[in-house]
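Trainee: I am new to this one. Could you show me how to read its features?
Mentor: Gladly. Let us look first.

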Amino acid sequence: MARAELFHDRWEIPNVADDATDLSWYVEAQSDLLAGLWVAGRLGATRFGEVAAASGPPAAWDYDVWRTQLSAGYRVVRNAELKLEWMRDDAAGPLDPRDDLLSAQLWWAC
C-alpha cells in the first residue's frame, strides 16, 4: 500500500507585509510480511517560504525540516495491535535539536 499527501499553508501575520507560507509533503509505503505482521516507512518534509523583514531582504521565517519514520506492527487480534516506531527529524537550522523518537504503542478497540 502506498500513500502520499501534499499541503500548502498560508498565514496572515500582523505587521508583516508578506503572508508566511510552507509546503509540506510525505510519501509512505506499507507492506504485510505475514498474517498480522506489517512494516512501513515514511519520508516527509516541511519547506518554509520567505517573508519580508521590516528592513532588509526577505528572510526564511523558519528552518526546513525533514522527517524519516520506520515502523512495524503486529495485529494481535482483530481489535488490538502492537506497534513500534522510530522517527528521525533533521532541521536545516544552525541548532538541530536531537528530537528523534522511539515509541511503542498497544491499542485496543472496543
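Trainee: With which side chain does the side chain of Glu81 make a polar contact of 3.3 Å?
Mentor: First, the ground rules. This is a predicted model, where local features need pLDDT of at least 70 and side-chain atom pairs count only at pLDDT 80 or more, while totals for chains, interfaces and linings use all residues. Residues are numbered from 1 along each chain as its sequence is written, and side-chain values use heavy atoms, leaving out hydrogens and water. Now the term: a polar contact is a pair of N or O atoms within 3.5 Å; within protein, one must be able to donate a hydrogen and the other to accept it, and residues adjacent in sequence count only if both atoms are side-chain atoms. Here the partner is the side chain of Arg75, at 3.3 Å. The side chains of Glu81 and Trp38 are also joined by a polar contact, of 3.1 Å.

Trainee: Is Glu81 buried or exposed?
Mentor: Start with the cut-offs. Buried means under 20% relative accessible area, exposed over 50%, and partly exposed in between (1.4 Å probe, protein chains only). Glu81 counts as buried because its relative accessibility is 9%. This residue lies in strand β7 (residues 80–91).

Trainee: What counts as a strand, and when do two strands pair?
Mentor: Strands (E, at least two residues) are DSSP runs, numbered from the N terminus. Two of them pair if DSSP finds at least two bridges between them. In this model, 6 strands form an open sheet, in the order β1-β2-β3-β6-β7-β8, with antiparallel pairing. At the edges are β1 (2–11) and β8 (101–108), each pairing on one side only. From one strand to the next, the twist averages 15°. Angles like this run from 0 to 180 degrees between N-to-C directions, with axes as lines fitted to C-alpha atoms.

Trainee: How many bridges join β1 to β2?
Mentor: There are 10, and β2 covers residues 20–34. In the loop between β1 and β2 you find Asp19. Asp19 is partly exposed, at 30% relative accessibility.

Trainee: Where does β2 go next?
Mentor: Into a hairpin with β3, with 2 residues between the two strands. Look at Gly36 in the turn: its phi is positive, about 90°. β2 and β3 (residues 37–48) pair antiparallel over 12 bridges. Val27, for instance, has Leu43 in β3 as its bridge partner.

Trainee: Which residues of β6 stand opposite Gly44 and Val39?
Mentor: Gly44 faces Arg67, and Val39 faces Ala72. In total, 10 bridges join β3 to β6. On to β7: it pairs with β6 over 12 bridges, again antiparallel. A hairpin through 2 residues connects β6 to β7. Leu70 has Trp86 in β7 as its bridge partner.

Trainee: Which residues form the nonpolar patch on the surface?
Mentor: A patch needs residues with over 30% relative accessible area and no salt bridge; nonpolar side chains (Val, Leu, Ile, Met, Phe, Trp, Tyr) are joined within 5 Å, like charges within 9 Å. A salt bridge is a side-chain nitrogen of Lys or Arg within 4 Å of a carboxyl oxygen of Asp or Glu. Here the members are Tyr74, Val76, Val77, Leu82 and Leu106, with about 480 Å² of accessible area together. Areas come from the Shrake-Rupley method with a 1.4 Å probe; for residues, only the protein chains shown count as cover.

Trainee: Which strand gives the most to the nonpolar patch?
Mentor: Strand β6 (residues 65–77), with 3 residues. Val77 is found in β6. Its relative accessible area is 44%, so Val77 is partly exposed.

Methods. Helix = DSSP H or I, 4+ residues; strand = E, 2+ residues; numbered from the N terminus.
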